[in-house]
Amino acid sequence: MLAAARERTLALVADLEPEQWLGPQLDIVNPPLWEFGHLGWFEEFWCLRGGSRQTASLFDRADHLYDSAEVAHPQRWSLPLPDPEATRRYLEQVRLRVIAGLESAPS
């Protein structure tokens, strides 16, 4: 299910043009680039870090960029977000570690 969800996410963003990664600033949506990174941060924060800030993120600025409880909605368009490819690599790193953790967990 993890793989299917990630494949779907990657398919949804595959054809975005550079200007579409931020899109228009609207009160009811987040910028796609922020949302993409937030997916990786959320997975990392809960699956790898156990919901704790005591464990460092794989991406040193992730907590300051993607924590929706800390980053106000209007601010998300002006953050120094990594580009789509760097964000994709972050999601891949997180996923590989989550899978490794699942494979090594006691049955």
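This is a predicted model: local features need pLDDT of at least 70, side-chain atom pairs count only at pLDDT 80 or more; totals for chains, interfaces and linings use all residues.
Residues are numbered from 1 along each chain as its sequence is written, and side-chain values use heavy atoms, with hydrogens and water left out.

**View A. Helix H1 against helix H2.** Here we look at H1 (residues 2-13) and H2 (residues 32-48), whose axes come within 11 Å and cross at roughly 160°. Helices are DSSP runs (H or I, at least four residues), numbered from the N terminus. An axis is a line fitted to C-alpha atoms, for helices over the stretch in contact, and angles run from 0 to 180 degrees between N-to-C directions. On the H1 side, the contact (heavy atoms within 4.5 Å) uses Leu2, Arg6, Thr9, Leu10 and Val13, and H2 answers with Phe36, Leu39 and Glu43. Sorted by class, that gives five nonpolar residues, one polar and two charged. In this sorting, Ala, Val, Leu, Ile, Met, Phe, Trp, Tyr, Cys and Pro are nonpolar, Asp, Glu, Lys and Arg are charged, and the others, Gly among them, are polar.

**View B. Zooming in on Phe36.** Phe36 sits in helix H2 and counts as buried, at 2% relative accessibility. Buried means under 20% relative accessible area, exposed means over 50%, and partly exposed is in between (1.4 Å probe, protein chains only). Thr9 is 27 residues away along the chain, yet its C-alpha atom and that of Phe36 are separated by 8.3 Å. Setting aside neighbours within four places in sequence, Phe36 touches Thr9, Leu10, Val13, Trp21, Pro84, Thr87, Arg88 and Leu91.

**View C. Helix H1 against helix H4.** H1 also packs with H4, at an angle of about 175° and with the axes 12 Å apart. This pair is therefore roughly antiparallel, too. H1 brings Leu2, Ala3, Arg6, Leu10 and Val13 to the contact, and H4 brings Arg88, Leu91, Arg95, Val98 and Leu102. The tally is seven nonpolar, no polar and three charged residues.

**View D. Helix H2 beside helix H4.** The axes of H2 and H4 lie 9 Å apart, at an angle of about 20°. That makes H2 roughly parallel to H4. Among the residues in this contact are Leu33, Gly37 and Trp41 of H2, along with Pro84, Tyr90 and Val94 of H4. By class, the contact has ten nonpolar, three polar and five charged residues.

**View E. Thr87, tucked into H4.** Thr87 belongs to helix H4 and is buried, with a relative accessible area of 1%. Beyond its neighbours within four places in sequence, Thr87 contacts Leu33, Phe36, Gly37, Tyr66 and Pro82.

**View F. The largest nonpolar core.** A nonpolar core is a set of buried Ala, Val, Leu, Ile, Met, Phe, Trp, Tyr and Cys residues joined through side-chain atoms within 4.5 Å. The largest one has 18 residues, and Tyr66, Leu81 and Tyr90 touch the most other members. At least two residues come from each of H2, H3 (62-66) and H4 (84-104), with H2 giving the most, five.

Methods
Angles under 35 degrees count as roughly parallel, over 145 as roughly antiparallel, 65 to 115 as roughly perpendicular and the rest as oblique.
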